[in-house]
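Student: I'd like to learn how to read the features of a model like this one. Could we go through it together?

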Amino acid sequence: MLYIVILGVIAAIIGVSCGVQLQKRHFQQEIDDAKATSAKMIAEAQADAKEKSAKILADGKHQTLDYKESIEEELDGYQTDNVSRQNRIEQRQTGLKQTEDRLDQLHQRLASETHQVNEKKDAIKALRQTADDLSRKRVETLQQRGDMTLDQAKHEILDQLRVALDREKDVELKYQDDEAQVNAPKLAKMMADDAIQRGPVDMPREHIEHAVQINDGNTKQKLIGKDAQNIRYIESLTGTDLVFDPEDAHLLHVVTQDPLRREVAKKVITNLVVTKQINPESIERQVETAQTDLMNELRRTGEKVVGSLHIGWMHPDLLKIIGRLKYRTSYGQNVLNHSVEVADIAWMLASELGLNVKIAKRAGLLHDIGKAIDREVDGTHVELGVKIAEAYNEDPQVINSIASHHGDVEVTTPIAHLVAAGDSISGGRPGARSESVEEYVNRLKSLERIASSKPGVKESYAIQAGREIRIMVDPKRLDDEQNQKLANEVKNEIENELTYPGKIKVTSIRDFKAIAYVGAERKKLHRRLKKG
């Protein structure tokens with residue numbers, strides 16, 4: 001067994017030795033192959049390097065030759081440029097010399113001409129001095145012969161010229177005045193016709209309802225309330241009287257002289273009927289809402305009208321007053337529409353006459369502004385309109401137009417005439433107002449009849465379209481106290497007997513004159529003595 005192990009070890013040793021020798025030979029063979037390969041690569045590299053170096057040297061020589069040729073060409077070009085520049089410099093020097101010669105010649109010529117000009121100036125100065133001396137001598141001679149100084153002669157010529165011009169001016173003014181007087185009625189008629197055609201627009205008359213229709217019986221009972229508490233509460237808050245029509249039980253009339261209160265009451269009743277919530281709280285809320293909406297509507301209406309007319313800035317409070325005219329009527333004619341028509345007519349006439357168009361439109365719009373408050377404040381709408389215009393610092397022409405458009409005061413501006421004409425055109429055109437001519441004439445006759453029926457009255461006149469009655473009394477039959485009593489009696493009788501729009505002014509005039517003549521009897525006696 002041991003023998004077998006020893007043999008195995010020996011065999012292993014022999015195998016290892018053989019493997020080592022074989023591997024050594026293999027490595028030696030690889031080393032020899034590597035040396036041969038490296039020697040071959042070195043030889044090839046050396047040959048390639050020689051070839052490349054030879055090529056680089058050949059290329060370098062070629063580039064050197066090319067560079068040398070380019071440098072030589074560039075030097076030749078520089079030399080050629082230098083020659084041409086030298087030639088140009090020589091040419092410029094020649095030109096400068098020629099220019100210098102011409103300038104010298106020009107300088108000499110200018111010096112000669114300057115000398116000649118100075119000589120001529122001296123000659124002109126001498127001639128002017130001689131002319132001044134001759135003129136002065138002539139003036140002195142004329143003053144001696146005419147026995148008048150130069151200033152006196154100037155004044156006399158100016159006076160004669162002024163007289164001649166004044167004479168021509170008078171003749172021309174007389175001619176223009178005569179021509180204007182002849183043509184004025186025709187031109188006025190033409191402008192009025194044009195304004196009527198271009199101005200007022202025929203529109204259906206706005207009918208202001210004074211009643212509210214309540215068709216639901218339950219809603220009507222709620223609106224009336226227990227013991228008529230609700231309807232009486234509405235009356236107290238709105239300042240109106242609410243009365244059901246005896247012929248139509250569902251028609252509720254709103255009775256008041258104030259159009260704004262009427263609108264508030266109608267709005268409140270309409271809203272309550274729609275909501276069907278009728279109690280003191282809802283009534284108060286609806287009244288407050290209706291009043292706020294109405295104030296906003298007044299302002300919006302005023303802004304819209306003023307903006308459409310392009311008359312410039314206007315005070316916000318005055319805009320609200322203008323908006324109130326929307327709910328005011330005169331003989332069935334809406335006062336706001338009437339005021340806008342008057343503004344348009346006044347504007348057209350002012351543009352034809354070359355007057356201030358903006359002031360004309362402003363005066364036309366505000367001429368009846370007093371009617372917005374004449375039911376609340378004592379006074380005629382003319383007096384109230386003047387106060388309103390003055391309070392908001394309107395132009396004096398506007399104020400005079402308001403005050404004079406019914407003849408209360410004297411007209412001081414042409415625009416006032418235009419406003420009065422526009423007022424007559426807008427109110428007098430057919431269909432503008434609902435009152436017939438017969439009713440209008442009867443009302444005037446009734447006013448004069450009431451006044452003339454009083455004792456002590458000499459004459460009575462209804463003027464301003466029936467807005468004023470003037471009474472002339474006999475000063476021998478009535479004293480001042482009786483005159484005042486007469487005016488009150490006429491006022492009371494008109495209130496009781498007649499139906500009239502707006503207000504009527506009663507003016508009773510007692511005019512007492514004392515007349516005496518001095519020397520009348522002596523003159524009569526002297527004439528009788530001569531005849532005798």
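Student: Let's start with Asp-480: is it buried or exposed?

Tutor: First, the ground rules. This is a predicted model, where local features need pLDDT of at least 70 and side-chain atom pairs count only at pLDDT 80 or more, while totals for chains, interfaces and linings use all residues. Residues are numbered from 1 along each chain as its sequence is written, and side-chain values use heavy atoms, with hydrogens and water left out. Now the idea: buried means under 20% relative accessible area, exposed over 50%, and partly exposed in between (1.4 Å probe, protein chains only). Asp-480 has 54% relative accessibility, so it counts as exposed.

Student: And what does the side chain of Asp-480 meet?

Tutor: Side chains of opposite charge can pair when their charged atoms come close. The cut-off here: a salt bridge is a side-chain nitrogen of Lys or Arg within 4 Å of a carboxyl oxygen of Asp or Glu. Asp-480 meets Arg-510 that way, at 3.1 Å from N to O. This pair links distant parts of the chain, 30 residues apart: Asp-480 sits in helix H14 (residues 480-497), and Arg-510 in the loop between strand S8 (505-509) and helix H15 (520-531). Those labels are DSSP runs numbered from the N terminus, with helices (H or I) of at least four residues and strands (E) of at least two. Arg-510 is partly exposed, with a relative accessible area of 27%.

Student: How many salt bridges does a search of the whole structure find?

Tutor: The search turns up 12. Take Arg-136 and Asp-133, whose closest N and O atoms are 2.6 Å apart. They are 3 residues apart in helix H1, so about one helical turn separates them. Both partners are partly exposed: Arg-136 has a relative accessible area of 44%, and Asp-133 has 23%.

Student: Which salt bridge network includes Lys-326?

Tutor: The network links Lys-326 with Glu-297 and Arg-300. Within it, the side chains of Arg-300 and Glu-297 form a salt bridge at 3.2 Å, N to O. Both lie in helix H6, 3 residues apart, about one turn of the helix. Arg-300 counts as partly exposed at 43% relative accessibility, and Glu-297 is partly exposed too, at 23%.

Student: Which residues form a nonpolar patch on the surface?

Tutor: Ile-6, Leu-7, Ile-10 and Ile-14 do, with about 340 Å² of accessible area together. Accessible areas come from the Shrake-Rupley method with a 1.4 Å probe, and for residues only the protein chains shown count as cover. Ile-6 is in helix H1 and is partly exposed, at 43% relative accessibility.

Student: Going inside, which residues touch the most other members of the largest nonpolar core?

Tutor: A nonpolar core is a set of buried Ala, Val, Leu, Ile, Met, Phe, Trp, Tyr and Cys residues joined through side-chain atoms within 4.5 Å. The largest one has 38 residues, and those touching the most other members are Val-306, Met-314, Leu-318, Ile-322, Leu-365, Leu-366 and Ile-369. Elements giving two or more residues include helix H6 (280-309), helix H8 (335-353) and helix H12 (414-428). H8 gives the most, with 8 residues.

Student: Last one, on the backbone: what is the phi of Ala-228?

Tutor: Most residues other than glycine have a negative phi. Ala-228 has a positive phi of about 55°. Its place is the loop between helix H3 (217-224) and helix H4 (229-238), and Ala-228 is buried, at 18%. Asn-393 also has a positive phi, near 55°, but this residue is exposed, with a relative accessible area of 70%.

Technical notes
Patch = residues over 30% accessible without salt bridge, like charges linked within 9 Å, V, L, I, M, F, W, Y side chains within 5 Å.
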